Amino acid sequence: MGLSRVLRHVLVCLIAVALTMMLTGAARNKTPNLLRNGDFKKPLTKTKEIVGWHTRLTSITPVPQYTDPENKKGRTGVTHFRCGCGYNWGTVRPWTMLFCPQCKHMNMGLEDSGSQYRKNHESVSLIKLGRDRSLGLDLSKAVGENQGVRVISNLVRAQRGAGYEISFDAVSYGPKLRVFVECFRIEKDDEKAQQWVKSLPRKSNPLKLKTRLERVFRKQVHPGSPGQWQRFSEKFAAPKRYEFDYMFVTLYAYMPGKAQYDNVVLRRLSQRELLEYRREKGEPKDKRLR
Ligand SMILES: [Zn+2]
């Protein structure tokens, strides 16, 4: 009796040790965050920008050329791309992460929203609570009911065929929240764009992009309006035909009021996690069938 009790005790201890090792192992296996300053701990830069993120945004308005501009008749097939500030980029559509030479704002390279986000940064701040900081959004009625507010992460290199997980904490006192991971592919065949991008001032292309980035895939998370801090997490992997080379995260809010985001993590899935994800989604293993 005495011996079996000792044995049982030893067994329980061994199981406990094994479990602890498995758990810490799992934590260690978690792939690193690909986002810089996802916890918003760093103070604002000298130019009042959030480290690792972009809030000074702009977009373009395509302006078609006419042989008869007064009556807007006779399209020549040439289009000029005008920044929200009025600057004319020329006849090549600028893409994401290019900065306007005139207003210095980052061209989002998403839908054509012209000047709608020119004052975007005015609705964004860092909120300090003790030692901790989080991202604060404060949407006026006009902003909330129209374009909303966006905070865009740095560009992150992606690997074709890999899977990813986006997770974050969020709370809302009115606005509706959405988080996007916008995914882009290097467009190798656009020679006109490759020539054009060389002509830009250096400050307009800090990442030294050599060719067009085309959005091919987008992951959306819909937190709604969580009334208290809540963590959200979703995995994604692009089907073969939408595989991408780069991505960025957009933290978005619309409808008036205040909201906060914190601890944003974008990480690559381990091989095992990707297989599990594909199995759960019921996707065929054969790549040709995806
Ligand atoms: Zn501009």
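Reader: What places Lys104 in a loop, and between which strands does Lys104 lie?

Author: Lys104 lies in the loop between strand E5 (98–99) and strand E6 (106–107), where strands (E, at least two residues) and helices (H or I, at least four) are DSSP runs numbered from the N terminus. This is a predicted model, in which local features need pLDDT of at least 70, side-chain atom pairs count only at pLDDT 80 or more, and totals for chains, interfaces and linings use all residues. Residues are numbered from 1 along each chain as its sequence is written.

Reader: Why is Lys104 called partly exposed?

Author: Lys104 has 13 C-beta neighbours inside 10 Å, and a residue is buried if 20 or more other C-beta atoms, placed from the backbone, lie within 10 Å of its own, exposed if 12 or fewer, and partly exposed in between; Lys104 therefore counts as partly exposed. Its phi is positive, about 70°, although Lys104 is not a glycine. Most residues other than glycine have a negative phi.

Reader: What makes Phe40 count as buried?

Author: Phe40 counts as buried because 24 C-beta neighbours lie inside 10 Å. Phe40 is placed in the loop between helix H1 (2–29) and strand E1 (53–54), and the phi of Phe40, near 55°, is a positive value in a residue other than glycine.

Reader: How do you know that strands E3 and E4 pair?

Author: Two strands pair if DSSP finds at least two bridges between them, and 7 bridges join strand E3 (residues 60–68) to strand E4 (residues 73–83), which run antiparallel; by that definition E3 and E4 are paired. Ile60 stands opposite Cys83 in E4, and in the hairpin of E3 and E4, with 4 residues between the strands, Lys72 takes a positive phi near 50°.

Reader: Why are E2 and E5 described as standing at the edges of their sheet?

Author: The open sheet of 3 strands has the order E2-E6-E5, with mixed pairing. Strand E2 (57–58) and E5 each have a single partner strand, so one side of each is left without a neighbour in the sheet. E2 and E6 run parallel and are joined by 2 bridges, with Thr58 opposite Asn107 in E6.

Reader: What makes a set of residues a nonpolar core, and which members of the largest one touch the most others?

Author: Such a core is a set of buried Ala, Val, Leu, Ile, Met, Phe, Trp, Tyr and Cys residues joined through C-beta atoms within 7 Å. The largest has 49 residues, of which Val249 and Leu251 touch the most other members, and its largest share, 6 residues, comes from E15.
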